[in-house]
Amino acid sequence: AGEQYRNSLNRKKLLEEIRMQNRKLENMNINLENMVLERTIHLESANQAAEKNLTHMRELTHLVQELSHLRSIDELLHLIHKELKHFHELRPPILNYVSLDSVAKMVSIQGKQIFEKTVRKIWPSRSEIRINDREDQKYLANEFGRPLGKILALPLSQKTNSNNGSPLPHLYFEHNFSDAEVELFLASTKDWLQPISIALDRIILEKHLKSTSQQWESTFDGIKDPIAIIDSQYDIVRANRHF
């Protein structure tokens with residue numbers, strides 16, 4: 001009887017230990033499931049972030065390729081407008097820049113037409129991005145002869161005029177964004193500013209060189225005496241109309 005009692009106690013003890021081990025295993029299993037779930041969520045989030053970053057880089061690469069083919073300010077403004085059309089609360093861009101002849105220009109889109117004009121008063125030229133700045137609103141309202149709503153001012157670097165104290169070129173956007181939407185817009189387009197600046201510099205320089213070349217050709221052809229430029233093989237390289 002004593003032996004049976006001891007065996008019964010041992011069985012109970014063993015059963016209790018088994019139940020305890022089972023509970024530990026169940027808890028471990030729950031912890032592992034939670035860990036797997038957390039890791040899965042983390043990986044999904046990381047994959048989404050990586051995919052988002054990849055999409056952003058693809059868009060930026062596409063933009064740079066498009067910018068490399070542009071030959072005029074009009075084309076540049078149309079491209080910016082096209083690339084940002086999915087921001088429905090954003091109005092067409094306004095571009096202010098200074099030519100190499102130190103002429104301040106404003107270019108805007110009205111309907112499907114591009115309008116460029118010379119401005120007498122220089123726009124506020126500060127290097128930081130500005131959101132709904134009263135000075136910018138007042139300047140643009142005076143230029144357009146009408147009140148404007150909320151304004152985003154995005155300064156662009158300009159290498160071509162970096163040594164003569166010219167104001168920075170600016171992209172202006174009238175918008176109806178909320179504060180959160182403004183932050184989303186700036187986050188998605190902040191990497192655009194440098195390639196747009198480079199394209200603008202190149203277009204301004206090419207425009208200046210073309211204008212200078214045309215002036216030289218006009219002057220050369222306007223000389224009444226016949227003039228020709230020849231190389232060492234006596235082939236004519238250049239000649240004016242009178243020649």
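1. At 17% relative accessibility, Glu 174 counts as buried (buried is under 20% relative accessible area, exposed over 50%, partly exposed in between, with a 1.4 Å probe and protein chains only). Its side chain forms a salt bridge with that of Arg 146, at 3.5 Å from N to O (a salt bridge is a side-chain nitrogen of Lys or Arg within 4 Å of a carboxyl oxygen of Asp or Glu). Glu 174 belongs to strand 6 (residues 170–175), while Arg 146 sits in the loop between helix 3 (134–144) and strand 5 (150–155), 28 residues apart. Arg 146 is partly exposed, at 38% relative accessibility.

2. On the basis of this note: the model is predicted, local features need pLDDT of at least 70, side-chain atom pairs count only at pLDDT 80 or more, and totals for chains, interfaces and linings use all residues. Residues are numbered from 1 along each chain as its sequence is written, and side-chain values use heavy atoms, with hydrogens and water left out.

3. The protein chain has five helices and eight strands (DSSP runs numbered from the N terminus: helices are H or I with at least four residues, strands E with at least two). Their order along the sequence is α-α-β-β-β-β-α-β-β-α-α-β-β. Of the 243 residues, 30% are buried. Among contacts with a separation of 6 or more, 53% are between residues 24 or more positions apart (a contact means heavy atoms within 4.5 Å).

4. Strand 6 has six of its six residues buried. On one side these are His 170, Tyr 172 and Glu 174, and on the other Leu 171, Phe 173 and His 175. In a regular strand the side chains alternate between the two faces of the sheet.

5. Which way do strand 1 and strand 6 run relative to each other? Strand 1 (residues 94–98) is antiparallel to strand 6 and joined to it by three bridges (two strands pair if DSSP finds at least two bridges between them). In this pairing, Leu 95 stands opposite Leu 171. Strand 5 is also antiparallel to strand 6, with six bridges, and Lys 150 stands opposite His 175.

6. In helix 2 (residues 73–83), the buried residues are Ile 73, Leu 76, Leu 77, Leu 79, Ile 80 and Glu 83. Seen down the helix axis they fall within an arc of 160 degrees, so they line one face of helix 2 (the arc is that of the directions from the helix axis to the C-beta atoms). An α-helix has 3.6 residues a turn, so residues three or four places apart point the same way.

7. The whole structure holds ten salt bridges. One of them joins Lys 207 and Glu 116 at 3.8 Å, N to O. Lys 207 is in helix 5 (residues 193–222) and Glu 116 in strand 3 (residues 113–118), 91 residues apart. Lys 207 is partly exposed at 43%, as is Glu 116 at 36%.

8. Arg 241 and Asp 221 also meet in a salt bridge, again with 3.8 Å from N to O. Arg 241 lies in the segment after strand 8 and Asp 221 in helix 5, so this pair ties together parts 20 residues apart in sequence. Arg 241 is exposed, with a relative accessible area of 67%, whereas Asp 221 is buried, at 19%. Elsewhere, salt bridges that share partners join Arg 126, Glu 128, Asp 133 and Glu 135 into one network.

9. The protein chain exposes about 16,500 Å², of which carbon and sulfur atoms supply 54% (areas come from the Shrake-Rupley method with a 1.4 Å probe; for residues, only the protein chains shown count as cover).
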